[in-house]
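Here is a short briefing to read alongside the model. Keep the viewer open and follow the residues as they come up.

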Amino acid sequence: MLTTLRISGFAIVDAIEVRFGPGLNVLTGETGAGKSILVNALHLVLGGRMSAEVLREGAEEAVVEGLFELPADHRVLARLRDAGLPVGAGTVSGESAELLVRRVAARGGRGRAFVNGALCTVSMLEEALRGLVDVSGQHEHVSLLDPTTHTELLDAFAGLRHAQAEPGPELCSVEPTLLRFRAAHAALAALVRERESLAADEGERARRSDYLAFQLRELDAADPRPGELEALEDERRVLASAEKLRDAARAAEALAYGEEGSASERVAQAARALAEAGLLDRRLEAPLALLRSAAVELEEAGRELGRYGDSVGGDPERLALVEDRLELLRALARKHGGSLDAAISRRVAMREELSRVSGGGERLREVGAEIELRGKEALALAAELTRARTAAARAFAEAVRRELDGLAMGRCRIEVALLPPEIGVEVGGKLLGPAGAERAELRIAPNPGEPLRPLARTASGGELSRVLLAVKRTLARKDPVSTYVFDEVDAGIGGAVAEAMGRVLADVARGRQVICVTHLPQVAAFAERHHRVEKRVSGGRTATAVALLESDAARRGEIARMMAGATVTDSAIEHAGALIAAARAPTPERGRRAAPARAAARRVSAEARDR
């Protein structure tokens, strides 16, 4: 459960710390005192977006901290471990663990998030704390009016949604069905899209195939090879300069070796001159060796130049062939990317693409066969979901109706209609949406004689509040979330209905922690832990303060204020005490009325109007 919420520098909050306990925790106070600020702060603890705009005027940073106490095997702790974040003390020995979450927004800087002192990203925080706290408020009326959410509600009741709660034996076989159907539907939808694309592109594929075939014929006829262009350019230079190269080679041969007084002959003479002197002084042996080596190399160079001069020669036909080939290869390079290597790569790519395009008809047949196979699988899984939802729809409607009976809507009829999905894939004449062969829609008739209609076209604000609470109460039996937060879901109701709502909230709180922001004294009377939120002015500045009402006298005073307004009379105090006493009494049998408490509330309201 959530044990502590600490806030500083946030909105109109200077610094407050609120301690919560098990059971029903109630927050009351005048409108604008800052009750919803606490809920907004809790949203941030759970991974909501935080910006510098939340900073209190004059504060350098806003800090929101939430301290939770969790059992050692809680799935949130497992997620934290998987994310590499510390899980707190106590988990090794099997005791409960404390989880401290801290959010900080600095003026002019980015926000930061910490889990047990370790820095983490907001997305990591949001994912790890998913399902830890369920926050419901007046804004949820809008989501309840959205029929697209009703299928999720029904699946949660049926145990089809992968596992918010531990499924019982009867759910173990159907829980994976939704996951398997979603996978089969996703694969089926992808195949259908591919088939449509293949069919629509049949003409385009034919045009593309002709184009690729033409381009490949040109490339295949030329058959370019890597490095061929550079080699041909070298050969063309040699052929075009054959006479010049031959003359240069022969002149070099004569100077190095062939003619009288050549370099080879003069080096040989120098070697002979040193040969006898070298016998007298060993220091001349090294220069003598170099001269003899030079003589050998000059002789070899001369012979090589002679062979080159004899071999090099002009070949006009070969030169013409080389120039034609160069022109062809350069044209291909310009056409296919600017280089011959690009043209060669393009040739390979076009051959592969032509193979794919030419095989489009074959792929179309393959896709058709795969669609038939996947369609049968999806239809079978959808049938399982339909059977489970059909049975759950009746049970869900009856469970919500029973909860509404306790909220003074006993004559209301409710139904979960199963309708075809609005979008999907058609298989065997049946439309399969992403969630199955049907979508759920809640319909109610608040009064006898009225037809069943969708919530959006029927329910008033007060009725929506009660339907929301009835749905939450119904799902609570299958929901492992241990902390519920209700932010003014009692808006638009009062009197006997308010008392009934208080009893339902108290009943929910017997199995989990409930935190409720309320304006109704009938609801506040059921609190096990009552906090008053108020504005205080100090030094010309307004700040929100939260006080725990520990004594019965303090609670009676606050509930009397909620009933009577600013002027609290002894009669209002007495009637507040009657409300608290009635709330502590056992739940009355269905059909009987807790008359003293309701009568007291009516009398106090009348006195307030008279004043």
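**Around Phe396**

Leaving out neighbours within four places in sequence, Phe396 is in contact with Leu153, Leu154, Phe157, Val416, Leu442, Val471, Thr474 and Leu475. Bear in mind as you browse that this is a predicted model. The points below go from the cores to a sheet, then to a serine in a helix, and end with confidence.

**Nonpolar cores**
- The largest nonpolar core has 83 residues, and Phe396 is one of three that touch the most other members, together with Leu24 and Leu505.
- Helix α14 (residues 360-405) gives this core its largest share, 14 residues.
- As general background, nonpolar side chains tend to be buried together in soluble globular proteins.

**A three-stranded sheet**
- Three strands form an open sheet in the order β9-β12-β13, and their pairing is antiparallel.
- At the edges are β9 (413-419) and β13 (453-454), each of which pairs on one side only.
- Strand β12 (residues 439-445) is joined to β9 by seven bridges, and the two run antiparallel.
- Two contacts of Phe396 turn up here again, Val416 and Leu442: Val416 stands opposite Leu442, which is in β12.
- Helix α5 (residues 150-158) packs on the sheet and touches both β9 and β12. The direction of α5 makes about 95° with that of β12.

**Ser264**
- Is Ser264 buried or exposed? Ser264 counts as buried because its relative accessibility is 10%, and the cut-off for buried is under 20%.
- This serine lies in helix α10, which covers residues 263-280.
- Not counting residues up to four places away in sequence, Ser264 touches Ala256, Tyr257, Ala295, Leu298 and Glu299.

**Confidence**
- For the protein chain, the mean pLDDT is 82, with 89% of residues at 70 or more.
- Which elements have the lowest and the highest mean pLDDT? Helix α20 (residues 595-610) has the lowest, at 48, and strand β3 (residues 24-28) the highest, at 94.
- Residues 590-601 have pLDDT below 50, and the model gives this stretch 15 contacts beyond near neighbours in sequence.
- Over residues 604-609 pLDDT also stays under 50, with 10 contacts beyond four places in sequence in the model.
- Where pLDDT is low, the predicted coordinates should not be read in detail.

Note on methods
Residues numbered from 1 in each chain as written. Predicted model: local features only at pLDDT ≥ 70, side-chain atom pairs only at ≥ 80, totals over all residues. Heavy atoms only, no water. Helix = DSSP H or I, 4+ residues; strand = E, 2+ residues; numbered from the N terminus. Buried < 20%, exposed > 50% of the residue type's maximum accessible area, 1.4 Å probe, protein only. Contact = heavy atoms within 4.5 Å. Core = buried A, V, L, I, M, F, W, Y, C linked by side-chain atoms within 4.5 Å. Pairing = 2+ DSSP bridges. Axes fitted to C-alpha atoms, helices over the stretch in contact; angles between N-to-C directions. pLDDT = per-residue confidence, 0-100.
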